[in-house]
Amino acid sequence: MQKNAALILANGSVFRGRSIGSPEERVCEMVFNTSMTGYQEILTDPSYAGQGIVMCYPLIGNYGVNHEDNESGRPWGEAFVVRHLSERGSNFRCEGSLDEYLKTYGITGIQGVDTRAITRILRSEGTMNGMITCAEHFSVPEVLERIRAYRVEGTVERVTRPAAETFPAQGERRHRVALMDYGVKENMIRCLQARGCEVTVYPAHTTAREVLAGGYDGVMLSNGPGDPADNVEIIREVRALYDAGIPIFAVCLGHQLMALATGASTHKMRFGHRGGNHPVKDLDAGRVYITSQNHGYVVDAATVDPAVARVSHVNVNEGSVEGLRYLNGNVLTVQFHPEASPGPRDTESLFDRFVRRMEGGEW
């Protein structure tokens, strides 16, 4: 039988429901995701390290979980908040229930709460910390002290792999790519493999000198969690990669790190972009794509040096920076996730552009 549980937000709001997953008390940064499906990919995205995920769509877990859809070796979300959790999954690929999955990996959760109301708070007041607890009695003032003291820190170090790994190309090897793991999603590796790339994935703090010594045709900078400005040492190495003139394709956190390495700045968004339905306009092509996104920080367009880069993609909803084209001709970065498939796979073509650049062509 499920225990009672409560979600307390940093603004003092209390939502009562029923415990799912682990009954362990958990404090984290609460964010919301607008996707209707893909909850397993969301939970296993390392970019959610340190965060609790509020799912806007009311029915979650209806197709269960399986080992093939993981984006990393384990879920990284700290907590999971849903309106209703399906008790069993109905799908021929189902290997277990979402509740069992949450329990296996110690992910705290709550269901039976008004996720629309929680989302409205996070949209109007901004992303804030929260706590899920199964305690029957608690002092809100005392809980709020703990909640407000929480900081999302050291997340890249938590999610990156401990040692380099090499993944073979599918079919004939055409290129060798170094991929910097700041919290990489597995499908990013698969997209490169499918294009004939042998991919060596390096831990986040690998030096540029070591990477460049490998004689690779190109470098990819992955997605990842946390405040990009916290990664001072990594930013220095990214700058060294930029100065080397090797073709570089960067996504999400990698996009932000490259901007910081070349003199731009970033700031935390009010509530971020998290979901599979964000419209982005490619300014060069004059086309709009529906993209998958997961980020709480953004590059400040006004701080991008026009002698270094220009904005190549913008968010249609509010005009924020979604991509940068560097004038040295070797670097292209985007804020969204081209390896994800929220619908058509139209932005996956960015991997083709990266391969074309490694072959000496234009982006």
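This is a predicted model: local features need pLDDT of at least 70, side-chain atom pairs count only at pLDDT 80 or more; totals for chains, interfaces and linings use all residues.
Figure 1. Is Y57 buried or partly exposed? With a relative accessible area of 31%, Y57 is partly exposed.

Figure 2. How far apart do the end C-alpha atoms of residues 3-133 lie? They lie 10 Å apart. As for what the span is built from, 18% is helix and 34% is strand.

**Figure 3. Helix α6, wrapped up by its neighbours.** Helix α6 takes in residues 186-193, and six of its eight residues are buried, so the helix is largely enclosed by the rest of the structure. The buried ones are N187, M188, I189, C191, L192 and Q193. What do these buried residues pack against? On the strand side of the list you'll find β10 (165-167), β11 (175-181), β12 (197-203), β13 (218-221) and β14 (248-251). Helix α10 is a packing partner too. Here's a handy thing to keep in mind while looking at any helix: an α-helix has 3.6 residues a turn, so residues three or four places apart point the same way.

**Figure 4. Helix α10, another mostly covered helix.** Now switch to α10, which runs over residues 349-358 and is mostly covered. How many of its ten residues are buried? Seven of them are: L350, F351, R353, F354, V355, R357 and M358. Just after α10 comes G360, which takes a positive phi of about 95°.

Figure 5. Find C252 in the loop between β14 and α9 (253-261). Most residues other than glycine have a negative phi, and most peptide bonds are trans. C252 isn't a glycine, yet its phi is positive, at about 60°. C252 is also buried, with a relative accessible area of 2%. Compare C94, which is partly exposed, with a relative accessible area of 27%.

**Figure 6. Cysteines without partners.** A disulfide is a covalent bond between the sulfur atoms of two cysteines. How many disulfides does a search of the whole structure find? The search comes back with zero. C252 is in no disulfide, and its nearest cysteine sulfur, the one in C191, is 15 Å away.

Figure 7. Side chains of opposite charge can pair when their charged atoms come close. The count for this model comes to 21 salt bridges. In one of them, the side chains of E29 and K268 meet, with 2.5 Å from N to O. E29 lies in strand β3 (residues 26-33) and K268 in strand β15 (residues 266-282), so the pair ties together parts that are 239 residues apart in sequence.

**Figure 8. E78 and R158, from a loop to a helix.** Here the side chains of E78 and R158 meet in a salt bridge at 2.9 Å, N to O. E78 sits in the loop between β5 and β6 (79-81) and R158 in helix α5 (residues 155-159), so this pair ties together parts that are 80 residues apart in sequence. E78 is buried, with a relative accessible area of 13%, whereas R158 is partly exposed, at 38%.

Figure 9. For E339 and K185, the side chains meet in a salt bridge at 3.1 Å, N to O. Where do the two residues lie? E339 is in the loop between β19 (331-334) and α10, and K185 is in the loop between β11 and α6, so the pair ties together parts that are 154 residues apart in sequence. E339 is buried, with a relative accessible area of 1%, and K185 is buried as well, at 7%. Elsewhere, salt bridges that share partners join E24, R26, E78 and R158 into one network.

Notes. Residues are numbered from 1 along each chain as its sequence is written. Side-chain values use heavy atoms; hydrogens and water are left out. Buried means under 20% relative accessible area, exposed over 50%, partly exposed in between (1.4 Å probe, protein chains only). Helices (H or I, at least four residues) and strands (E, at least two) are DSSP runs, numbered from the N terminus. A disulfide is a pair of cysteine sulfur atoms within 2.5 Å. Contact means heavy atoms within 4.5 Å. A salt bridge is a side-chain nitrogen of Lys or Arg within 4 Å of a carboxyl oxygen of Asp or Glu.
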